[in-house]
Amino acid sequence: MVYNLKKQLKASAAGLALATGLVFPATAFASEITLKSTDGTINVAGEFIDFVDDTYVIRTALGDLRISASSMICEGDACPTFENVSADVAIVGSEAIGLGMMPLLMTGFASSLDADAEITNTSAGETLATLVGDGGFGDEIGSYLVTASDDDAAFEALLEGTATVGMSSRRITVDEARALRDAGAGSMVSPNQERIVAVDSMVVVTHASNPVEQLTEAQLSGIFAGQITNWSEVGGPDRDINVVTRYPDTASYAFFMDYLYGEDRPNFRPQGIAEDDQAMSNVMFHDRNAIGYLGYAFQRGAKPMTLINECGLASTPDAFAAKTEEYELARRMYLYNRADNLDAPSQALLDFAISETADAVIAKSGFIDLGIETRTQGANDPRRAALISELARYDIGFEGEVMNEMLAEMDNYDRLSTTFRFRTGSSRLDERGRLDMQRLISHLENAPAGTTVNFVGFTDDVGAFDANRRLAIERAQAVRDEMTSIAGDRLANIQMATSGYGEVAPSACNVSDRGRSINRRVEVWVSNSVEG
């Protein structure tokens, strides 16, 4: 299927239409444009001169510059537009994925096919990737049109049949899935139609010179509600706080406000509103009094803040915490497809996006890939320190014995970022668990003989301590058994063990569904004599 996107054209000064379908507005040779790279590293303004061979020519104080259109967004009335853009595959949805990840993902995808990706930004938020075989010297083998807008657009376009792939920074809702199922699209939450490709942490940021290192959830809520207005109120200098948010109709705004307030959002007018993550990053770089939030990929020179939840647990926005999904402001990034119109070019891209080969380009784009990381559990491990502190402060009897048992076992193992989670009251893995299982098998397949993998279960605190510990062990055993069944003889050299510690060492507060779901987990520990 070929997808066509019709653009409303601006009048050309000379009525000139190029063979490529580009036309130029009447003010093309007198108006200023701004060229921005999708990764935020380039921001150049100048007078538009020409567009030739996929290259912008602009006049600046430094002279005439030629800038490749690849991975660049043109802003301004003088920007050229395409009259009729045709592509084999239409991809619609999340701005974060479409602008921040897809250009590099397309480049990596092309490389995996021994092809070259010719990437052109046809307009703000729209990217055309044309794949040419034999490293760019052969024939065109496929074209992909990426339209970045918002999450809702992904499911609307899939429902209307105007897109093959939908990008979303949230999971599909029940109503959206039912509407698509009723339209013949299949089960949108099946592994063949719902793919998690990365994780993105929403990071609270301020100016690099700000001495404030961390904020409690109550302090953060007070700042974004306009109740805390000076940095001195949270341990900083005597300066007004400039609150910067995103527009209320954006997914980032909804995600952040849901985290802080749920549905009861404050009626507060911030000092500034950033159009996108790149603009937010720029504000944080220049304004020493500002505070805002942005995607992990856009931190750059901004200072990330450690968040302290209502239980006193610290949450640091690093890659490991995001991969384990123990950083509470992390969100999954999805690609969706219908079952009834999935063609070969779309299938190839989707297969690549969830492969280990894609990890490098996803990380390069600034997102957090799903590759497995290792973290030691030695003296500098914050969780070990928290357990020791807990034991020192309280006489907690049998629970203390379990904590000591866990501390002793931590001496022998490093922790992998792979963490399996369960839905409430269920022993079934969630949607990410299916993908992580395959990745873990591949990761361990070539481990040396004698490697021991320990599946370690934890629960929330609902119910009796003894019952929770038994449940934790049962879930750990269930994960071990499932992996053994799937792996067959691929892990013949691996020794497997299980243990469980119930509600000990929570990663989040147990006062909310979100917190309890984080705590219902099976971690993967590997003998540190091998991995350490």
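Reader: How many of the residues of strand 28 (residues 521-527) are buried?

Author: Buried is a term with a cut-off, under 20% relative accessible area, while exposed means over 50% and partly exposed lies in between, with a 1.4 Å probe and protein chains only as cover. In this predicted model, seven of the seven residues of strand 28 are buried, so the strand is largely enclosed by the rest of the structure. Both of its faces are covered, with Arg521, Glu523, Trp525 and Ser527 buried on one side and Val522, Val524 and Val526 buried on the other. The strand itself is a DSSP run, where strands (E) need at least two residues and helices (H or I) at least four, and both are numbered from the N terminus.

Reader: Before going further, what should I keep in mind about the source of these values?

Author: The model is predicted, so that local features need pLDDT of at least 70 and side-chain atom pairs count only at pLDDT 80 or more, whereas totals for chains, interfaces and linings use all residues. Residues are numbered from 1 along each chain as its sequence is written, and side-chain values use heavy atoms, with hydrogens and water left out.

Reader: In what order do the strands of the open sheet stand?

Author: Two strands pair if DSSP finds at least two bridges between them. Here five strands form an open sheet in the order 24-25-28-26-27, with mixed pairing. Strand 24 (374-375) and strand 27 (495-500) stand at the edges with a single partner strand each, so one side of each has no neighbour in the sheet.

Reader: Which strands pair with strand 28, and over how many bridges?

Author: Strand 25 pairs with strand 28 in the antiparallel sense over seven bridges, and Leu416 stands opposite Val524 in strand 28. Strand 26 (residues 452-458) is also antiparallel to strand 28 and is joined to it by six bridges, with Val453 opposite Val526.

Reader: How many salt bridges are counted, and by what rule?

Author: Side chains of opposite charge can pair when their charged atoms come close. The rule asks for a side-chain nitrogen of Lys or Arg within 4 Å of a carboxyl oxygen of Asp or Glu, and by this rule the count comes to 30 salt bridges. One of them joins the side chains of Glu523 and Arg415 at 3.5 Å, N to O. This pair links distant parts of the chain, Glu523 in strand 28 and Arg415 in strand 25, which are 108 residues apart. Glu523 and Arg415 are buried, and salt bridges that share partners join Glu326, Arg383, Arg415, Arg421, Arg521 and Glu523 into one network.

Reader: Which parts of the chain does the salt bridge between Lys323 and Glu373 tie together?

Author: Lys323 and Glu373 form a salt bridge whose closest N and O atoms are 3.5 Å apart. Lys323 lies in helix 8 (residues 319-323) and Glu373 in the loop between helix 10 (359-364) and strand 24, so the pair ties together parts that are 50 residues apart in sequence. Lys323 counts as buried because its relative accessibility is 5%, whereas Glu373, at 30%, counts as partly exposed.

A further salt bridge joins Arg439 and Asp359 at 2.8 Å, N to O. Arg439 in helix 13 (residues 431-444) and Asp359 in helix 10 are 80 residues apart, and the pair links these distant parts of the chain. Arg439 is buried at 8% relative accessibility, and Asp359 is buried at 12%.

Reader: How should I read a positive phi, and where do Asp114 and Ala505 lie?

Author: Most residues other than glycine have a negative phi. Asp114 has a positive phi, near 55°, and lies in the loop between helix 2 (102-112) and strand 11. Ala505 also has a positive phi, near 60°, and is found in the loop between strand 27 and helix 15 (513-519).

Reader: Are Asp114 and Ala505 buried or exposed?

Author: Asp114 counts as exposed because its relative accessibility is 52%, whereas Ala505, at 9%, counts as buried.
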